[in-house]
Each structure stands twice: as structure tokens, then as C-alpha cells.
Number of protein chains: 2
Amino acid sequence: MVTKETINELKCPVSILLQLIGGKWKPIILYVLRSNKRRFGEISARIPTISRKVLTEQLKELERDGLIERKQFKEIPPRVEYSLTEFGKSLAPVLNEMEKWGNENFLKNQ
Amino acid sequence: MVTKETINELKCPVSILLQLIGGKWKPIILYVLRSNKRRFGEISARIPTISRKVLTEQLKELERDGLIERKQFKEIPPRVEYSLTEFGKSLAPVLNEMEKWGNENFLKNQ
DNA sequence: ATTTACAGTTACCTTTTGGTAACCAGTTAC
DNA sequence: GTAACTGGTTACCAAAAGGTAACTGTAAAT
């Protein structure tokens, strides 16, 4: 029984967003990149609980989905910088509300 | 090497929020409940792609975390209503931004 | 000659998540 | 007396996600 109220993953705006940033790590990665470009090692150091394998995978997906940009320099040792695309930056209000909620509800006195 | 910039899952506001609503289904469940209480069957009908087993699990976690309330009526056949708590309602700005972003970016002409 | 640096990749394994199908209870409708 | 209704639970299996450890390549430093 499909009524107009049924959640359709292709049309529900929340589902659509979750398909892009629904992973366990993606919002945090985007949050780390929100104001600066970062090298791979910097992101890894800022999110020490994510393994490099998974970080690589998540970055690839975010790049594939147009949310971040990967710039590789032809240097030795290699240097790679990740940054938000304009599309990625459009998520700022979402991430800001997430941050705000976390701060208001758990981090008041820290 | 832990600097003040390192993401600490206990202190990062985004991580904190993700621990509560970070699952694949939780934001959608909260979205379905955002304006109405709903019976178990109603939620299931609105999110047909989630199995009842997983829906039960997710609802239990949301209840455990204080985001939703479960009210059971002593009737036959049984009736159970789920609704947002005040704490759950405090997520409205986050869900609204998620919804807004999804609408602006993918659903403009529908 | 060996080590270090960086940004990965790969093989392999474990954990988590999710699905299916069968079953339950108590009352009402057929 | 049998089926249907609702809101689950249970056992079992499959798929997805995630972790670890070892390895790669090239140049510079020791």
C-alpha cells in the first residue's frame, strides 16, 4: 500500500541526503574539512579512530559524489589535499545545526 | 599525537549527535514522527524498505536514548504508539536542515 | 646501504547490520 | 473452528562495514 505519505527513498529529501552523507564517518570528515583544505594525514590525525583504509574509501565516495575535491601534487613524498567543493559547502547549514545540537545538549560546560 | 584539533568522539558535537541518530534509518524514523505520533504499523508502512525486525531494533534504541516514547495500550489486537519526546523534538532544526537541503538539491521540480 | 616521509593498496579476518520466514498471544469476525 | 488482526520475537543466514598488518613507490636525509 503506497500512499502519498509513504517514504520513497528516491523522493524523500532526508533519504536523499542520507545516501550521500549517511555513513558513520562522512559527516565528521566533512566537519573536519568545513573551513580548511586538509592533507590525508591531517584528516587521519584529527579522526584517529578511523582506519586509513576506511578513510580512503570514504574520501573516494565523497569525491565520487561531488562533495569534496582531491588535489594531488606531483611531489615526493606525495602530497594530497582534500577540500569541500561548492556542493559540499552547501551542506554547511546541516553540519552547523548538527554541531549546534551537540553543543547545546552535551557540551554546555566544557 | 593528540592536539586540541583532534576529533574526540566524546567531545566532538557532531560525533555525539551521530552516536544517537547516526544509523541508516534513525533520521528517517524521526522524520516520520516529526509531526505526529504513529503506530508501529504506520511507521512500517511509511518506510516499506525497512524490515520489521530492524524497525523494532531501531525504535528500541531511540527509546533507550530518550528520543522517542512508546505508549502501549492494553487492547486486542495490540496498539502501540510512538512519538517524539521533548528531547527528540529538539532535533527538529537538524532534521529541517536535512530536509531543506534534500529539497533544494534534488527535488526542486517535483 | 638504510631509514624516513606520505598516501595510499592489498589480503585477510571480524564485527555489525540487515534480511527472511516462522512463530506467538488474545479477541473478534466469519 | 478457523482465520485475521497487531506488534512484536526468534533462529538462522547473507551482506556490508570496518579493522589489522604488510606492502608499494620515489626522493632525500643519515
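Predicted model: local features only at pLDDT ≥ 70, side-chain atom pairs only at ≥ 80, totals over all residues.
## Relation of the two chains

Chain B is superposed on chain A by a rotation of 180 degrees with 0.0 Å of shift along its axis, at an RMSD of 0.0 Å. That is the relation of a two-fold axis. Within chain B, the C-alpha nearest this axis belongs to Val94(B), at 3.2 Å from it.

The copies meet through the same surface, because 100% of the interface residues of chain B are also interface residues in chain A.

## Interface between chain B and chain A

The contact draws on 41 residues from chain B and 42 residues from chain A. The area buried between the two chains is about 3600 Å², and carbon and sulfur atoms give 75% of that area. Across this interface zero salt bridges are found by the rule applied, while the count of residue pairs in polar contact, both at pLDDT 80 or more, is two.

On the side of chain B that touches chain A, at least two residues each are supplied by α1 (13-21), α2 (26-33), α3 (40-46) and α6 (92-106) of chain B. The largest share of that side comes from α6(B), which contributes 10 residues. By class, the residues of the side of chain B that touches chain A comprise 25 nonpolar, nine polar and seven charged.

## Surface around DNA strand D

DNA strand D is surrounded by 22 residues, of which the closest are Lys53(A), Ile76(A), Thr56(B), Arg70(B) and Tyr82(B).

The element that gives the most to the surface near DNA strand D is α4(B), with four residues.

## Contacts with the DNA backbone

Among the atoms of DNA strand D that lie within 4 Å of the protein, 59% belong to sugar or phosphate, and the rest belong to bases.

From Gly41(B), a backbone N or O atom lies 3.1 Å from a phosphate oxygen of DNA strand D.

Technical notes. Residues numbered from 1 in each chain as written. Chains lettered and ligands numbered in written order. Heavy atoms only, no water. Contact = heavy atoms within 4.5 Å. Buried area = accessible area lost by both parts, 1.4 Å probe. Salt bridge = Lys/Arg side-chain N within 4 Å of Asp/Glu carboxyl O. Polar contact = N/O pair within 3.5 Å; in protein donor to acceptor, adjacent residues only side chain to side chain. Nonpolar A, V, L, I, M, F, W, Y, C, P; charged D, E, K, R; others polar. Near = heavy atom within 4 Å. Least-squares fit on C-alpha atoms with pLDDT ≥ 70 in both.
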